Amino acid sequence: MDALPSLLAGFAVALQPINLMWALVGSILGTAIGILPGIGPALTIALLLPVTAQIAPESALIMFAGILYGAMYGGSTTSILINTPGESGSMMTALEGNQMARRGRGAAALATAAIGSFVAGTIGTIGLTFLAPTIAELAFVFGPEDYFALMVLAFTSVSVVMGTSRVRGFIALFIGLALGVVGIDGQTAQARMVFGSPELFDGIQITIVLVSLFAVGETIYVASRYRADAPSINPLAGGIHMTAEDWRRSWRPWLRGTAIGFPIGALPAGGAEIPTFLSYTVERRLAAHPEEFGHGAIEGVAGPEAANNAAAAGVLVPLLTLGLPTSSTAAILLAAFQNYGLQPGPMLFMNNAQLVWGLIASLYVGNVMLLVLNLPLVGLWVRLLLIPRPYLYAGIMVFSLVGIWGLATSWMDLLLMFVIGMAGYVMRLYDFPIAPVLIGLILGPMAETQLRRALSISQGDPFTLVSTPISASLLAVSLIVLVLPAILRRISPKLAPTT
Amino acid sequence: MSSSSTRPWWLGLGVMAIGGVWLNGAFSLDVVANYGGIGPGLFVGLVGSGLVLLGLLLTIKIGHGERFEPQATEDMTPDAPFSRSGFLLATTAAAVPLATMQPVGFPVTAALVFTLVARAFGTRRIVQDLAFGLILGSACWYGFRSLGVDLGGFLPLVGW
């Protein structure tokens, strides 16, 4: 598969006026929800799924990609100006960016974040362009036991990496797996865990779980501990510009952040927290003036922001090539593909080349749009923060209701919304990670299918699961991911994260 | 309410209970399929067993003094005092659609949910919030209907 001609064909799709419009809509929505509290890219895409059933798949996915990238840009704005990361990947940006803003250098911080996001997003998309077809071709040799092992690796790494406790990470994962088995079994047509309700025969949709956990659970949680202070926005002095010194100090961190973010994002563990943290640590170590860190060092904004955006591009690699989501947003993107009867994986590049390359090309276009939208218009975006919180959260709940009631006008869906929403509240209160629930819900049925397929082919021999070098290696890596933190903790208590 | 100072045994027991329900469900399903492979019950049983085991591990950790820090998020501080009224109003807002959606339809339900959530966050203008909610709910009903999303009748109680 030759990437360049395919990419050019993709641009022919992405540059169609209708798709440019959807990319713009996605970029605007993404930036807005990145800035607004209480709503993130995964929730936004989930709420839009029923609506986008009416538009062409490439247009919908181009818009969703704009939302994914836009949220990264928007998240940095709130981190810098009000010290509140809109997304988890912007946490490190807040450390230095807000200090810069307090010292009257908010404009430079916003500029290095936006340009760094553009550089990293573009390089990350180039990486995706050339890496994805290669991995997709490699994936053709994967048998069911290899896919099952790959999913076990994703389960293990997501549960270990996300959150503060492995046990709580795995509980979240298994809750997702438990929800995933509800419904009619695709292979034997037997109803499983439907509790006598025919409304559960089709299973529990990811939209219901995602909206309930992210919107309902979050609203109840914030309401129970609401801080009614108006956000204190650091004023922007002058225009959004960087001095020659800022450019000199920023370009290397942008490239290093990209080099850290993209490969880590592309790993089955994925996520933006680790690369941004790593980038911040690296920049602090390499800085000519490390004493500035903690007081507004521009390298501490440039590196993590680049890592954050590069990781977002990296997450698309396993999603598009292997059908493997490694974050909440990737999980709902996979659901969006499935809504259109498409299954990401190696066959997607063969059977739906126009769609997948149109999507990749739109990422380049979206990055340019986001730079234009974010640099000169940041003052406008910041005004979103002035929306009164009672009406913001009330609006989020009403739109959540649209997303859930609009699926099938089913009372059972409303009951699930309430129960899972309360579970979301409890998970926040007791610090359970939420993403593993979604990964378990969407990957669980796929893992079960591959497991059953592998065992059927081998006539029930469980050793088939370690019979190929790929499956044996992936399961070995899963085991290492599982036990490594404990071993590290035993060797050096300071090295390992607390569990 | 700071959960770190308490021992929430119910969390571990709850996880074990959910696992037990799934394990019980697995017993009513075939574990082995007729031809070589595994049946629909095996994965359900594995998930149930996993939850029971993890619930047990969590209970043991709680016994050893596991700390639970509430997650930090925007617009709140984890160590802020627990607002019973905020919690109850927001929870009621999530429950209200169960009772009202089918008889009174989406726009009225949206108005009630909007008002309850707004009040949970401190507003005290019920009539204005109800009006806002009704306008938003009606706009959503018409707007999404035109996009092909069915949100049921406008006011089923009177046959609309």
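Here are legends for a handful of close-up views of a predicted two-chain model.

Residues count from 1 along each chain as its sequence is written, while chains are lettered from A and ligands numbered from 1 in the order in which they are written. Since the model is predicted, local features need pLDDT of at least 70 and side-chain atom pairs count only at pLDDT 80 or more, whereas totals for chains, interfaces and linings use all residues.

**View 1. Helices α4(A) and α12(A) pack against each other.**
Here α4 spans residues 57-82 of chain A and α12 spans residues 299-322 of chain A, with axes 10 Å apart and an angle of about 165 degrees. Helices (H or I, at least four residues) and strands (E, at least two) are DSSP runs, numbered from the N terminus. Axes are lines fitted to C-alpha atoms, for helices over the stretch in contact, and angles run from 0 to 180 degrees between N-to-C directions. So α4(A) and α12(A) come out roughly antiparallel; the label is for angles over 145 degrees, with under 35 roughly parallel, 65 to 115 roughly perpendicular and the rest oblique. On the α4(A) side look for A:L68, A:Y69, A:M72 and A:S76, and on the α12(A) side for A:E305, A:N308, A:N309 and A:A312. Contact means C-beta atoms, placed from the backbone, within 7 Å. The residues of this contact split into four nonpolar, three polar and one charged. Nonpolar covers Ala, Val, Leu, Ile, Met, Phe, Trp, Tyr, Cys and Pro; charged covers Asp, Glu, Lys and Arg; the others, Gly among them, are polar.

**View 2. Helix α7(A) crosses α19(A).**
The axes of α7 (residues 144-161) of chain A and α19(A) come within 8 Å and cross at roughly 155 degrees, so α7(A) and α19(A) are roughly antiparallel too. The crossing of α7(A) and α19(A) is left-handed. Among the contact residues are A:F148, A:M151 and A:F155 of α7(A), and A:I439, A:L443 and A:M446 of α19(A). By class, the contact of α7(A) with α19(A) has 16 nonpolar, three polar and two charged residues.

**View 3. Chain A meets chain B.**
Chain A puts 58 residues into the contact and chain B puts in 69. Helices of chain A that each supply at least two residues to its side include α3 (41-52), α8 (166-180) and α9 (206-224). The largest share of that side, twelve residues, comes from α17(A).

**View 4. B:L136 sits in helix α4 of chain B.**
That helix runs over residues 126-146, in a chain with four helices and zero strands. B:L136 has 20 C-beta neighbours inside 10 Å, so it counts as buried (20 or more other C-beta atoms within 10 Å; exposed is 12 or fewer, partly exposed in between, with C-beta atoms placed from the backbone). Leaving out residues up to four places away in sequence, B:L136 touches A:G395 and A:V398 in chain A, plus B:A110 and B:F114 in chain B. B:L155 is 19 residues from B:L136 in sequence, with 15 Å between their C-alpha atoms.

Technical notes
A crossing is left-handed if the near helix is turned anticlockwise from the far one by less than a right angle, and right-handed if clockwise.
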